[in-house]
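Colleague: I'd like to learn how to read a helical model residue by residue. Could you walk me through one?

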Amino acid sequence: MPGHPDICAHTAAKDISFGSLAGMIGKVFEYPFDTVKVRLQSQPEELPLRYRGPIDCFVQGLKQDGLLGMYRGISSPLVGAAAENSCLFFSYNLAQTFSRRNFYQDLGKTDPLPLAALVICGGASGSFASFILTPIELIKCKMQVQSLSTDTLKMHNGTWALIGEVYRAYGLRGLWKGQTGTFLRETGGSASWFGAYEYVSRTLRRRKSNDTLSSWEMMFSGAVAGVSYNLILFPADSIKSRMQTQAIGQVNEGSKGFWEVGMGIYRAGGVTALYRGCGITCFRSAPSSAIIFFCYEKLKDWF
């Protein structure tokens with residue numbers, strides 16, 4: 001019976017659990033590439049660039065920290081990936097249910113929503129997820145750039161020690177530093193992520209007149225979605241990373257807002273500086289997003 005509380009609770013539980021597992025699997029694969037991206041984005045504009053590009057950054061990271069060093073701080077992102085993807089899939093499906101009940105009552109139970117409606121549902125899910133993600137990404141970014149510091153006293157002894165240091169310096173509000181960037185990235189990015197996946201998967205279904213996607217078709221749709229997600233609002237992510245990797249308690253830096261930091265990056269390095277790390281981000285997001293959608297869809301089929 002549609003709308004029955006037990007059915008709704010069961011569906012929500014599946015969205016949360018399947019999204020969490022899919023997100024964690026994808027995060028393990030992509031994390032070293034994410035570390036490279038954050039280190040590239042966090043290079044100070046007033047100093048000579050430390051890395052010539054993504055490959056140089058990756059090679060230097062391996063030489064300095066080893067492979068395990070490229071996974072520094074992964075505990076927080078694993079929690080974040082579980083939280084993000086469970087939240088995204090849950091709120092995306094919740095937004096679709098709301099849209100059907102309020103704007104598309106004439107559609108049958110199995111009739112798909114228009115693509116424009118799905119894009120809006122995706123954006124709504126991303127805006128909601130951003131408030132959960134910002135504190136997690138703040139800690140992740142600070143852990144990832146520790147090796148860039150020349151001050152060994154600034155090395156943090158773990159996630160909880162770092163959380164405590166941020167709280168003592170800025171209060172609870174400090175954990176949401178960079179929220180504007182996360183909100184813009186997640187809202188626009190998630191609209192594109194779900195929209196691209198739905199568009200490509202629908203196109204593939206129409207081409208073969210079959211509602212069932214093969215494994216490679218799911219992964220291809222997910223890969224296109226991953227690239228779309230990162231291309232849309234990458235500068236917002238660059239600004240967020242710069243804000244979140246500033247030294248804790250740094251004079252005159254903690255008070256700078258999103259637009260002020262963004263203009264500072266632009267004045268120092270132009271549009272190119274805002275897209276630093278975009279290439280490797282798209283390179284890792286394609287297979288990572290493919291894995292996430294594949295795992296989520298298969299878990300739904302199996303259970």
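This is a predicted model: local features need pLDDT of at least 70, side-chain atom pairs count only at pLDDT 80 or more; totals for chains, interfaces and linings use all residues.

Colleague: Let's start with charges. How many salt bridges does the structure hold?

Modeller: The general idea first: side chains of opposite charge can pair when their charged atoms come close. In this structure there are 14 salt bridges.

Colleague: Pick one for me. Which residue does K37 form a salt bridge with?

Modeller: K37 pairs with D34, and their closest N and O atoms are 3.5 Å apart. That falls inside the cut-off, since a salt bridge needs a side-chain nitrogen of Lys or Arg within 4 Å of a carboxyl oxygen of Asp or Glu. Look at the sequence positions too: K37 and D34 sit three residues apart in helix α1 (residues 5–41), so about one helical turn separates them.

Colleague: And are K37 and D34 buried or exposed?

Modeller: K37 has a relative accessible area of 3%, so it is buried. D34 counts as buried as well, because its relative accessibility is 2%.

Colleague: What other salt bridge does D34 form?

Modeller: D34 also forms one with K140, where the closest N and O atoms are 2.9 Å apart. D34 lies in α1 and K140 in helix α4 (residues 115–144), so this pair ties together parts that are 106 residues apart in sequence. Both D34 and K140 are buried.

Colleague: Where does the salt bridge of E137 lead?

Modeller: The side chain of E137 meets that of K240, at 2.8 Å from N to O. E137 is in helix α4 and K240 in helix α8, so the pair ties together parts 103 residues apart in sequence. Here again both partners, E137 and K240, are buried.

Colleague: Which residues are linked in a network of salt bridges?

Modeller: K27, E30, D34, K37, E137, K140, R185, E186, D237, K240 and R284.

Colleague: Which residues of α7 are buried, and what do they pack against?

Modeller: The buried ones are E217, M218, S221, G222, A223, A225, G226, Y229 and N230. They pack against α3 (75–102), α6 (179–208), α8 (234–244) and α10 (278–302).

Colleague: How do I read a helix crossing? What is the angle between α6 and α10?

Modeller: Check distance, angle and handedness, then find the residues that touch. The α6 and α10 axes come within 13 Å and cross at roughly 65°, so these two helices are roughly perpendicular. Their crossing is right-handed. On the α6 side you'll find W193, F194 and Y197, which meet S289, I292, F293 and E297 of α10.

Colleague: And at what angle do α3 and α10 pack?

Modeller: At about 60°, with their axes 12 Å apart. α3 and α10 are therefore oblique to each other. α3 passes α10 in a right-handed crossing. N85, F89 and N93 of α3 make the contact with I292, F293 and Y296 of α10.

Colleague: What does Y296 touch?

Modeller: Leaving out residues up to four places away in sequence, Y296 touches D15, F18, G19, A22, F89 and N93. At 3% relative accessibility, Y296 counts as buried. For a sense of fold, note that the C-alpha atoms of Y296 and S86 are 10.0 Å apart, although 210 residues separate them along the chain.

Technical notes:
Residues are numbered from 1 along each chain as its sequence is written. Side-chain values use heavy atoms; hydrogens and water are left out. Buried means under 20% relative accessible area, exposed over 50%, partly exposed in between (1.4 Å probe, protein chains only). Helices (H or I, at least four residues) and strands (E, at least two) are DSSP runs, numbered from the N terminus. Contact means heavy atoms within 4.5 Å. Axes are lines fitted to C-alpha atoms, for helices over the stretch in contact, and angles run from 0 to 180 degrees between N-to-C directions. Angles under 35 degrees count as roughly parallel, over 145 as roughly antiparallel, 65 to 115 as roughly perpendicular and the rest as oblique. A crossing is left-handed if the near helix is turned anticlockwise from the far one by less than a right angle, and right-handed if clockwise.
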